[in-house]
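Have the sequence and the 3D view open as you read.

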Amino acid sequence: MTYDTIIVGGGIGGLQTAIQLARSLRRVAVVDVPGGRSTVAKAYRNILGFEDGISGEGLRKLGKDQAAKYGVIFIEDEVTRLEGQDDHRFIVHTKNGHIPIQGRTLVMATGIRDPFPVIPGIHECLGTSIFLCPDCDGYETVDQNTAVIGALPQAIEMADELSFYTPHLFIINHAKSPVDPEIRTEMSRKGYTFVEETVDNFLHLEGILRGLILSSGDRLDVARAFLSFPGAKVQTSLLEPFAVRLNEKGHVLTNPRTKETDHPNLWAVGDIVEHSQQVAIAMGDGAQAAIWIQKRLREEDLSERR
């Protein structure tokens, strides 16, 4: 069987693409492995219609159930290789012995993998009182003692964003970055407390942060924390066989109107694309790409009938 569209990645952007295409009466397969960036978030609070928040897992389950209702096929497997054909169709090879999957169009929704430090308590707090994105969750820090844990200069840049919400900011040099005297002066001038220790433990009550235990054994009382480490990986390695342009940070460059890449019939959506990495934008990417994929498929259908 040849699918009209194969979507690699079952996160928010991939699911929205699948729903829109399935409602356009297209045969759609989503190939995904458990996990992904959205599964970390325990409460998205800035999405229309969810005033009390919704977890990434919860949103994905809703999306998957909705897509399945319209006939989307889900394949739990890891994609190991993509193969383009002369007619601009694709073959998707997977790890666990599935027969290679054929598709008329292909959507990459593989997202970003974040470099989380190994600290006890971190996973219980992620998405509840420890965050990654100041645009999403800066509001959660209003007038709260907030730690920015990471490397320099990234942690300073994060603190600068958060200073709009709270003046009570502690920059913790967990990565042990070298610090010039001018940088120390800058942080002091901005009112940040600089801590040259690592974090040994997150103290929390059911994911609500109560404080940090530092490498010295001292306790730092904070209610919120943000992680700010370099090395987040845009997962684009599968695209190496194709003439697809990337920006300087590795994000896929697409047509802003259609979300199609430079390779015909190959689309990209979500955090893999150059944008501000918001759930709502990933959903918009998916809907937008699906509309133009449907247009392309209809053109091909009409051409084949002539």
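Two strands pair if DSSP finds at least two bridges between them; helices (H or I, at least four residues) and strands (E, at least two) are DSSP runs, numbered from the N terminus. This is a predicted model, where local features need pLDDT of at least 70 and side-chain atom pairs count only at pLDDT 80 or more, while totals for chains, interfaces and linings use all residues. Residues are numbered from 1 along each chain as its sequence is written, and side-chain values use heavy atoms, with hydrogens and water left out.

Let's start with the open sheet: five strands in the order 8-15-9-10-11, with parallel pairing. Strand 8 (130–131) and strand 11 (193–195) sit at the edges with a single partner strand each, so one side of each has no neighbour in the sheet. Strand 8 pairs with strand 15 over two bridges, and Ile130 stands opposite Ala225 in strand 15.

In helix 5, Ala155, Ile156, Met158, Ala159 and Leu162 are buried (under 20% relative accessible area; exposed is over 50%, partly exposed in between, with a 1.4 Å probe and protein chains only). They span an arc of only 160° around the axis, going by the directions from the axis to the C-beta atoms, which puts them on the same side of helix 5.

Now for the charged pairs. A search of the whole structure finds 23 salt bridges (a side-chain nitrogen of Lys or Arg within 4 Å of a carboxyl oxygen of Asp or Glu). Here are some of them:

| Pair | Closest N and O atoms |
|---|---|
| Arg37 and Asp271 | 3.1 Å |
| Glu300 and Arg104 | 3.2 Å |

Glu196 is partly exposed at 47%, and Arg184 is partly exposed at 35%.

Arg104 and Glu300 also belong to a salt-bridge network with Asp4, Arg26, Arg27 and Asp301.
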